[in-house]
Amino acid sequence: MSAMKNENKGEKGFDAIALGLFASRLESVCDEMGAVLRNAAFSPNIRDRLDYSCAIFDARGELGAQAAHIPVHLGSMAYAMGDIVDRLSWQAGDQVILNDPYLGGTHLPDITLIAPVFAGETLMGFVVNRAHHADIGADTPGSMPVSSSLEEEGMVIEPVHLVRAGERDHEVWNGILAATRNPRAAEGDLTAQLSANRAGRQRLQALIEEQGTAVFSAGMEALNAYGERLARSVLEKIPDGSYTFTDWLDDDGQGQERIPIQARVTVRQGHIEVDFTGTAEQVSGNVNCPLSVAAAGVYYVFRCLMPPQTPACAGVFRNISLHAPAGCLVNARFPAAVAAGNVETSTRVVDVIMGALAQAIPDRMAAASHGSMNNLAMGSAAPGDSWDYYETMGGGMGASRETAGLSAVQTHMTNTLNTPVEVLEQQYPLRIRRYQVRRGSGGAGKHSGGDGLVRELGFLADAEISLLTERRLLAPWGLAGGRNGLCGRNLLNGEALPPKCHRRVKAGDVLTIETPGGGGWGHTDREKD
């Protein structure tokens, strides 16, 4: 790389072209890690739904690059990685595994593997991947139970070396596999994660060797400096002031309804402070989350305001600070249950921050999207015939000043795919009886909200299901006079189910999920008249 020789030097001696190439090469490492993970994984959850993420961090644990994977995975890693780096000792050939939400994880099904990258004796950075496992040892199949404590949600893995100096710790490895109902699938997916990090480490080491450690380190600093400058140029355009918004979760699955999440977003000359004071205390159910998950939602909203060329690095978030009272819903204390916090509460955090910013920059904010990952976990614990499956479902996107919302899509904190019908029916005793757009569920407006979807599953064998869903009681809001989207519905054999519930189903039963529509934007022409 000729960055340091170019006379038109920009950030830390890198001109714009050299810095762009450097960023692209880092991102390509993350992309290759993702390809290895997807192609080597056993489970449809990783291989077909793409419920995984890959990233690169520097030696201090600051984000350097990420692939365009799962926002809630990546934002939470960006927030928590520094603490993990400081907690452990590192040497070449290591791989650390964790899923503890209170020590750098999100919720227990998301298993993270971290591998250090060395140049000689010098620690240069880390490659990291996080993937969702449909079985992490919870009593209910799918490991997304309607829980009231972390213990009920499965095996908790504190940060521990799974591989030390290239040698696998078989006690740790076998302990994880023993906690699952299908060790072969778990072994395949974990091996895929190890392989993804090995590929990432090799590629990053080759890049460092080609450039030299000094140029590589300078490149990382330059990238973060550029990201900070670019982000601040956008944040400075938000009018100074303090903007407060409150939204609510439907329930916690344990009897508490209308759970408030409140944020005050204070803007001062491009510096952002987000304060969650006023948010509910942590609850009995599993919609609690660690602050890292709330941070992911906050980071995501501000990242959406930035131009496409903004690098995915720590510098982008340096002018954003967070505060949440210890023990509140979005900064829960151990051992609060968190299974739905990662998927549902993070999504509502996005709505709250967007609602606050709509007061400051109304023309740039969209109405609320469907506001749920519409989580369905299911399977059977029957000896000799056990299976676990988990999926999220799309819904309606909120409309904006510029355009109507998209229909039947994943929004905001997840961008996973659905498992193809053919794969689902081949792997599990299920039949997809209906899969279609839920017409008319988007909110009306000058621009209408996107429609949700309908997914109807027929069971060919007895099973258990767990539903963790939102926007079944409180509708996605419209903006600038647009109407709300329709609430979602969960039905078993035509009978309504609560937003969060666990049920045993029989062969022949039919589960119908109708996901919410997005909010509309602006008054309709008729309303204007």
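This is a predicted model: local features need pLDDT of at least 70, side-chain atom pairs count only at pLDDT 80 or more; totals for chains, interfaces and linings use all residues.
**Close-up views of sheets, hairpins and helices**

**View A. Five bridges join strand β9 (residues 257-268) to strand β10 (residues 271-275), and the two run antiparallel.** Within this pair, V265 has V274 of β10 as its bridge partner. Residues are numbered from 1 along each chain as its sequence is written, and side-chain values use heavy atoms, with hydrogens and water left out.

**View B. An open sheet of four strands, in the order β8-β9-β10-β11, has mixed pairing.** Its edges are formed by β8 (241-251) and β11 (320-323), each of which pairs on one side only. From one strand to the next the twist averages 20°, where axes are lines fitted to C-alpha atoms (for helices, over the stretch in contact) and angles run from 0 to 180 degrees between N-to-C directions. Helix α8 (residues 341-360) packs on this sheet and touches β8, β9 and β10, its direction making about 145° with that of β8; contact means heavy atoms within 4.5 Å. Of the 20 residues of α8, 19 are buried, leaving the helix mostly covered (buried is under 20% relative accessible area, exposed over 50% and partly exposed in between, with a 1.4 Å probe and protein chains only). From its first C-alpha to its last, α8 reaches 27 Å, close to the 28 Å expected at 1.5 Å a residue (the expected span is 1.5 Å times one less than the number of residues).

**View C. Helix α1 (residues 16-40) has 25 residues and reaches 36 Å from its first C-alpha to its last, close to the 36 Å expected at 1.5 Å a residue.** The buried residues of α1 include A18, L19, F22, A23, L26 and V29, as well as C30, M33, G34 and L37. Among the elements that cover the buried residues of α1 are α2 (44-47), β1, β2, β5 (122-132), α5 (183-211) and α6 (213-235).

**View D. Strands β1 (residues 52-58) and β2 (residues 63-66) pair in the antiparallel sense over three bridges.** Here A55 stands opposite Q66 in β2. Four residues lie between the strands of this hairpin, in which G61 takes a positive phi near 90°.

**View E. Strand β4 (residues 110-119) is largely enclosed by the rest of the structure, because nine of its 10 residues are buried.** β4 pairs with strand β3 (residues 95-98) in the antiparallel sense over three bridges, and I114 in β4 is the bridge partner of V96. β4 also pairs with β5, again antiparallel, over 10 bridges, and L123 in β5 is the bridge partner of F118. The hairpin of β4 and β5 has two residues between its strands, and G120 takes a positive phi near 65° there.

**View F. Five strands in the order β14-β15-β20-β17-β18 form an open sheet with antiparallel pairing.** The edge strands, each pairing on one side only, are β14 (430-438) and β18 (495-496). Strand β17 (residues 489-492) pairs with strand β20 (residues 510-514) over four bridges, and R489 stands opposite E514 in β20.

Technical notes:
Two strands pair if DSSP finds at least two bridges between them.
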